[in-house]
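This report describes a ligand site and the domain arrangement of a protein chain.

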Amino acid sequence: MADAQATPLPSILLIGCGKMGGAMLEGWLAEGLAPSVVVDRHRDTLPAPHRLVRDVADLPADFRPALIVLAMKPQKVAAAIAAVAPLATHAPVLSVLAGRTVGGLTDALRAHMPPGAHPVIIRSMPNTPAAVGEGMTVSYAPPCASAAQRALCDRVLSAVGQTAWVTHEDDINVVTAISGSGPAYVFLLAELLEQAGIEGGLPPALARQIARQTVSGAGVLMQRSGIDADELRRNVTSPGGTTQQALSVLMAPDAWPATLHAAVRAATERAHELAS
Ligand SMILES: NC(=O)c1ccc[n+]([C@@H]2O[C@H](COP(=O)([O-])OP(=O)(O)OC[C@H]3O[C@@H](n4cnc5c(N)ncnc54)[C@H](OP(=O)(O)O)[C@@H]3O)[C@@H](O)[C@H]2O)c1
């Protein structure tokens, strides 16, 4: 997470506050946020001075956000475009929608804007560890985005974890397959370790505890030590020992190396499909 800063984050219009929007919002609220508006049908409360509305049709007339964040499912964005367009003449739009291109969103917004108006869309791929300030967000800014607009997005996104930028929009598809979807792969690892522990005869509560703490402890060790993953792996692997036995199964060419590469390729292809 970014160091706590004295000035609050700018006012945000967040449209869609489910798993991803909600994760980012938790981080922003913890960091301190200028009066903002969240649009979502499912959220119950929002601390003052922020305002919660159920629909974009209910946006407060006096609200002028510094940044508009689109965080609904990609197929639901169309319903919000007409309401967002007037605000997007003044504020950049940060989209976290998988597969929605800058060009596509720009065209959709321009259809509801005066001739000559040009919205600025920044496309980002965050992930859900943003909820605890440990997100990874990779963004693409088109050439029409100013340095100040880019810095604004980076400030907001770095409040919920690390940020990086790509210069080719297509790279967001690979990013989606690695860091966007990646937490699911890691949670699956925890699930499978827990199941293996139970199958090995451990009490379920103990299997759960050791699986979860191993996954999160390894992550924290990697982050805090700064040591490369392969070296950390070798540090656990005594020649002829138990870990080496397990790794000879996992690292067989047709095991994890093939499976994980195939999984990331499948996710990348899906991201391309969603964008077309
Ligand atoms: N989940 C992740 O790990 C992740 C990671 C990176 C990026 N993303 C991206 O984040 C976006 C949201 O994903 P999610 O997993 O957070 O989905 P989600 O949990 O379904 O949340 C989306 C929320 O947006 C609301 N919504 C939809 N249309 C709306 C509108 N016009 N106005 C206001 N609220 C609206 C939905 O309400 P209804 O259910 O009533 O429609 C729902 O509460 C997607 O585009 C996805 O590609 C997700």
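This is a predicted model, in which local features need pLDDT of at least 70, side-chain atom pairs count only at pLDDT 80 or more, and totals for chains, interfaces and linings use all residues. Residues are numbered from 1 along each chain as its sequence is written, and side-chain values use heavy atoms, leaving out hydrogens and water.

| Residue | Protein atom | Distance to a ligand oxygen atom |
|---|---|---|
| Lys 19 | polar backbone atom | 2.9 Å |
| Lys 73 | side-chain N or O atom | 3.4 Å |
| Lys 76 | polar side-chain atom | 2.6 Å |

The protein buries 84% of the 890 Å² that the ligand exposes when taken alone (Shrake-Rupley method, 1.4 Å probe). Around the ligand stand 22 residues (a heavy atom within 4 Å), of which Met 20, Asp 40, His 42, Met 72 and Lys 76 come nearest. By class, this shell holds 13 nonpolar, four polar and five charged residues; Asp, Glu, Lys and Arg count as charged, and Gly is among the polar residues.

The domain assignment, automatic or from a database, divides the protein chain into domain 1 (12–174) and domain 2 (182–275). Ten residues of domain 1 and seven residues of domain 2 take part in their contact (heavy atoms within 4.5 Å). The C-alpha centres of domain 1 and domain 2 are 32 Å apart.

Key. A polar contact is a pair of N or O atoms within 3.5 Å; within protein, one must be able to donate a hydrogen and the other to accept it, and residues adjacent in sequence count only if both atoms are side-chain atoms.
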